[in-house]
Amino acid sequence: MLVLGVETSCDDTAAAVWDDGTVRANVVSSQDELHEEYGGVVPEVASRDHQRLVVPVVQRALEDAAVDAAALDAVAVTHGPGLPGSLLVGLSFAKAFAQGLDVPLVGVNHLEGHVYSVDLDPPAPDRPFLCLIVSGGHTELVRVGSDFQHDVLGRTRDDAAGEAFDKVAQLFGLGYPGGPAIDRRAARGAPTFQDFPRSRLDDFDFSFSGLKTSVLYYLRDRSDAERERLLAEHLDDLCASVQAAVVDVLVDAVRHAVGETDAEQVAVVGGVAANSSLRRRMEAVGDDTGIDVSVPDLAYCMDNAAMIAQAGAQRLAAGHASPPTLDVESNLQL
Ligand SMILES: Nc1ncnc2c1ncn2[C@@H]1O[C@H](COP(=O)(O)OP(=O)(O)OP(=O)(O)O)[C@@H](O)[C@H]1O
Ligand SMILES: [Mg+2]
């Protein structure tokens, strides 16, 4: 089955061609430069850029895959959660494209897309498995069963892990998105330089807003000269310290959940799963506990349409095609 995946939930315009489990093309056009000067995504700017990019990005995916549109069997598209204006561009395009080709349309939950990104790198974990979704907008620990049953064990009560990286990076003057910049600098720094808080809640919920506030106060409570010196001489150490605080919390939560649920397989997905320290530490969890740990290829951690096609194809196989009245659901949950 040949499936076109379309993803426009936030600031990346993405299209992919999926061929029975093989990704034949995966095109992502990032708008990072457009939003960098504002320190975050500007919804109006994002949707206008999706309008400009969606057709060329889909064309490019079809070309890369050497596939004629007429050969497609289905179109899978993200219909939530995300920015309403951004989602609407992808969904309107996908509806029209599917109708023109007379093939089924299937709406995909962006978070389910992240979960199913683990299946893009064989071997796919058996169900049920424990999945940590860590991205720019979400931090959730989920038990993924068969038949699209997702049992949410816990989620963040305030900021997402990626949001914490982005906000701290902003305080450090590192631009947007902040995660990759902090990761690069942290590789050269000392994680023990500053002990930032690791908030541990009773259940499987997370909280990252205290970390951002702690970094804010750490910088604010110093003289201008001292702050400048710290940022000039110890930025790598500060990045390593912040990264260690986030990663410690995530890894501890997974270890705790493995103990409580007898999970035999664990996956970590979403943009923050690209973090090199988190990837290493999760590998170590696998070595210590003997459970299988899956972290998708870097290209499938960040927003992409291959994961949307993967989830969409599985939904279609289970008979879940969407009606032409499918609408965007900006607050859609798992
Ligand atoms: N190497 C990295 N280390 C830490 N964080 C990273 C890294 N690479 C990307 N990120 C973070 O990942 C986030 C982007 O992930 P993703 O694209 O999945 O989020 P999103 O789609 O905006 O949100 P959601 O999936 O929750 O709707 C950003 O917050 C970014 O800073
Ligand atoms: Mg995402």
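The model is predicted, with local features requiring pLDDT of at least 70 and side-chain atom pairs counting only at pLDDT 80 or more, while totals for chains, interfaces and linings use all residues. Residues are numbered from 1 along each chain as its sequence is written, and chains are lettered from A and ligands numbered from 1 in the order in which they are written.

The chain is divided into domain 1 (2-116 + 300-317) and domain 2 (125-295), with bounds that come from an automatic or database domain assignment. The C-alpha centres of the two domains lie 27 Å apart. Across the boundary, 11 residues of domain 1 are in contact with 16 residues of domain 2, contact meaning that the C-beta atoms, placed from the backbone, of two residues lie within 7 Å. On the side of domain 1 that touches domain 2, the elements giving two or more residues are α1 (32-36) and α4; helices here are DSSP runs (H or I, at least four residues), as are strands (E, at least two), numbered from the N terminus. That side of domain 1 divides into four nonpolar, four polar and three charged residues, where Ala, Val, Leu, Ile, Met, Phe, Trp, Tyr, Cys and Pro count as nonpolar, Asp, Glu, Lys and Arg as charged, and the others, Gly among them, as polar.

Two packed helices are described by the angle between their axes and the distance between the axes. Axes are lines fitted to C-alpha atoms, for helices over the stretch in contact, and angles run from 0 to 180 degrees between N-to-C directions. Helix α6 (residues 178-186) packs against helix α9 (residues 235-261) at an angle of about 115°, with the axes 8 Å apart. That makes α6 roughly perpendicular to α9, since angles of 65 to 115 degrees count as roughly perpendicular, those under 35 as roughly parallel, those over 145 as roughly antiparallel and the rest as oblique. In this pair, I182, D183, R185 and A186 of α6 meet L235, D236, C239, A240, V242 and Q243 of α9, a contact with six nonpolar, one polar and three charged residues.

The axes of α5 and helix α7 (residues 209-220) come within 9 Å and cross at roughly 10°, and α5 and α7 are therefore roughly parallel to each other. Here A164, K167, V168 and L171 in α5 meet L211, K212, V215, L216 and L219 in α7, and the contact divides into seven nonpolar, no polar and two charged residues.

Some backbone details remain. Most residues other than glycine have a negative phi, and most peptide bonds are trans. The bond from G80 to P81 is cis, with omega near -10°, and P81 lies in the loop between β4 (74-80) and α3 (84-101). The bond from R127 to P128 is also cis, with omega near -5°, and P128 lies in the loop between α4 and β6 (129-134). A66, in the loop between α2 (43-65) and β4, has a positive phi near 55°.
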